[in-house]
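I opened this structure to find my way around it. These are my notes, in the order in which I looked things up.

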Amino acid sequence: MITAKRMIKNLYRDSVSLMQFSEKVRALEGIQQASAVMATENNISLLVEARLLAEAVPPSPNDLLIVVEAQDESAASAALDAAEAMLKQKSADTAQGGPKKVPPRSIEMALETLPAANFVLISTPGEYAAAEAQKALQLGLHVMMFSDNVSIAEEIPLKQYARDHNLLLMGPDCGTAIINGVPLGFANVVRRGDIGVVAASGTGLQQVTSLIDRFGAGITQAIGTGGHDLKAEVGGITMLQGIDALAKDPATKVIVLVSKPPSAGVASNVLERAAQSGKPVVVEFIGADPASFSSGNLFGVKTLEDAAVAAVRLSQGQAVGEFTDALPERYSALAQPARETLNPEQKYIRGLFSGGTFCYETVLLLTQTLGKVFSNTPIRKEDSLPDVWKSQEHTVIDLGDDLFTQGRPHPMIDFRLRNERMVQEAKDPQTAVILLDIVLGYGSNMDPAGELLPAIRQAQAAAAEQGRSVVFVGSVCGTDSDPQNLSQQEKLLRDAGVLLTDSNAQAARLAAAIVSRR
Amino acid sequence: MHLQALSIGESVPRDHFDAVVQSAFDSALNLRLAEEDRLVTLLQAEHYELPQGIRIWQKGLSLQFIDPGTRAALRGGILRFESAALSVDLRAARVWDRRVSHLRLQPDTAALQAAWAAAWQLLNAEQRRKNADLIAEILLQPGARSLLSQRVGALLGPLLRAAADLDAKLAVDHARGLIGLGPGVTPSGDDFLIGFLAALWSIAGDAPERENFLRAFGAGLVAAAQHTSEISRTYLFHAARGQFSSAVFDLVAAFALQGEISSAVQAAVHVGHTSGMDTVTGFLLAVPAWYPRVNAPWTAAGVLI
């Protein structure tokens, strides 16, 4: 090892830059240690003591002294050259001369850049999010809190403050919204129209808005409430505000509400407010009996797809009509040939989901048809999967659960975990159907089919080695205007043999049809 | 571009000076005064106050577009930069002149001791989180982990004793080992001394022997500050006169007025990369110099005079 030094005259960098600079130099090839300090007498003596300087040099306190310990002279020389270049580099903007704007570091600074803004999206770690939301509300801004890990104790006063000041606070843990045609968070590009949505579920909102687009209608606003909003403690503050806002909005003709069943008191308030809106309201309390809250202008439905269909019919001035649990013929026609590819031992569905609400809806529908369905997010406690890493009988897994996402991106973005699990399921001789959701839109993986296809082929190869094949069933949630393009993604998946339906509910029913008559 | 100054520090000449740009950063620009060995600093609005600072009514503007070496002149309260289309009007700016000595800390009160204990805990946690070279509680232990810690630790006890004995000459001798020591454009040792001086100025009260000590100690430090960077020298120049940034003032005020210690410490330690932490270290470790109580939290923490 050798040491080398270079003095840079009258060059000042702030201490954060100097620290980052030292780390960058240390990471260069052949460099063991690096330091950049002001060339004061005390620092020089410290460097000599640390043996980073062979001998003392004359102090020059306004100059920067760079020292490196390197494996050889050429590495040291290259590192010092690189270091000097890094230090002298000015940003392109600054080098061109003239004032340069630095990125805003606070909501207030951002407002100065964009004074007409009235909305802020907060995506900080949860521990900082409530304070930022409070600042934004006090500045008179509507807020979308993408951040999770915000306690209900923090959420309640924020929502009360927002309501009392005629502001909307979406979230915390609000992953999806579409405001004035702008998709926010994980959201799809849908056409504008006359249907407004308020949802306590991100993928629920994505499914309903995407299907409305697929059926030829469009969205005014899609408001996310966050998952805690309809709990008794919070009282559905944001959902009630959302209903009021859409009721007043002249562009909104039909309102859709999506949530898991709220507590009784909250449900009663929400339904009462919806009834008072004076507009047709489609209500999807996923898992609740729709007949129990259908009356007057309220139309209860059983699936996310039915919610979209009902909303489109109402927006077109048609009657809502009846909904059936039966599989449409175009899908039931797919079931028989698929069934014939399976051997008698292959009896079970293995659902691997990236969307929490898709998983929940699937468990509900399969339970009604097939009986017991194991899950990490079961409807009934007794159906809880004992080991989430190993499926048994019919199993439906939410891979977006915290258990699976610690230290890795969400499965809508990172497909590795689901791909590995698909191969694992294909190796199980009892697996008949692997059931998937594929979510497009902003925030999601830019090529889900491209991620899935190699794993599907690998899974089929693993099954083929044991003389079997597995049926893949799924639905793609998205639109042709999404960056990934719905039609292209569907074509790639269909060409690979995946049986696709238009909605998550139909995919669950198709999977059930394949395994239920055996 | 013509900007209004929001505030100016008490030591900034109000009407007339000539200067040259010494250094420029995103949020600050230093001007070397032609007739004095110190700097005046132009600051963005969100920056804390400095006794040598001119805060301008403009956020989000990087000041790096003005090159070092550019000449500047203040005439009639308007600061103009040669060949850089910028002028700053100082005439309506309010003067920032708060002094920590007016806060009169009383370390023998239970409230201050509780605040000290809380601040000590917060400081050490932050230093450990940032993996800082200087960690306050480790300075007090033998066999400190880095050479920098060992140097500061070795000087700390003698410096505190000299301050306790009001021996300014000896205090300067020990402090000289800290001047210009450590990383940063304001080296850690200098930042430590600024915190150290802030504590002594705020505790001194009306005792003339303490004030005499501070003036002599300060004068010695200013002379020794020829061995550190020009930016750091300016901070020491003001600290020797009892003038500090608003970040330091707010910290002392939280102690004196029994304010929210946690947020004051958090704000103070987040100045620069390590500067704020080093300043708070100096502040907390200087408090015991004139109050070496056996049952105080600093004694329990191992600060022995």
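**Pairing first.** Two strands pair if DSSP finds at least two bridges between them. Helices (H or I, at least four residues) and strands (E, at least two) are DSSP runs, numbered from the N terminus. I also noted the ground rules. This is a predicted model, in which local features need pLDDT of at least 70, side-chain atom pairs count only at pLDDT 80 or more, and totals for chains, interfaces and linings use all residues. Residues are numbered from 1 along each chain as its sequence is written, while chains are lettered from A and ligands numbered from 1 in the order in which they are written.

**Strand E10 of chain A.** I began with E10(A), residues 192-199. What does E10(A) pair with over 5 bridges in the parallel sense? I found strand E11 of chain A, residues 219-224. A:Arg192 has A:Ile219 as its bridge partner in E11(A). I then found strand E12 of chain A, residues 254-259, which also pairs with E10(A) in the parallel sense, over 5 bridges. There, A:Ala199 stands opposite A:Val258.

I followed the chain from E10(A) through helix H8, residues 202-214, to E11(A), and these make a right-handed β-α-β unit. Right-handed means that, with the strands pointing away from the viewer, the path from the first strand over the helix to the second runs clockwise.

Next I checked burial. A residue is buried if 20 or more other C-beta atoms lie within 10 Å of its own, exposed if 12 or fewer, and partly exposed in between; C-beta atoms are placed from the backbone. In E10(A), 6 of the 8 residues are buried, so the strand is largely enclosed by the rest of the structure.

**Another sheet in chain A.** I traced an open sheet of 6 strands, with parallel pairing, in the order E16-E17-E15-E18-E19-E20. Its edge strands are E16 (374-375) and E20 (499-501), each pairing on one side only. Inside this order, E18(A), residues 431-439, runs parallel to E19(A), residues 471-477, with 7 bridges joining them. A:Val433 has A:Val471 as its bridge partner.

**Helix H1 of chain A.** Which residues of H1(A) are buried? I noted A:Ser15, A:Leu18 and A:Val25. The buried residues of H1(A) pack against E2 (31-39), E3 (60-70) and H3 (73-88) of chain A, together with H10 (275-286) of chain B.

**An exposed residue.** I picked A:Ala264, found in helix H10 of chain A, residues 264-276. With 9 C-beta neighbours inside 10 Å, A:Ala264 counts as exposed. Its C-alpha atom is 8.3 Å from that of A:Ala232, 32 residues apart along the chain.

**Chain B.** I counted 11 helices and 10 strands here. Of its 305 residues, 54% are buried. Contact means that two C-beta atoms, placed from the backbone, lie within 7 Å. Among contacts in chain B with a separation of 6 or more, 62% join residues 24 or more positions apart.

I looked at strand E1 of chain B, residues 2-9. E1(B) runs parallel to E9(B), residues 87-89, with 3 bridges. E1(B) and E5(B), residues 53-56, pair in the antiparallel sense over 3 bridges. B:Ala5 stands opposite B:Ile56 in E5(B).

B:Val40 lies in strand E4 of chain B, residues 39-43. Is B:Val40 buried or exposed? It is buried, with 26 other C-beta atoms within 10 Å. Beyond four places in sequence, the contacts of B:Val40 include B:Val12, B:Leu31 and B:Ile54.

**Where the chains meet.** The contact takes 31 residues from chain B and 31 residues from chain A. On the chain B side, H3(B) gives the largest share, 3 residues.
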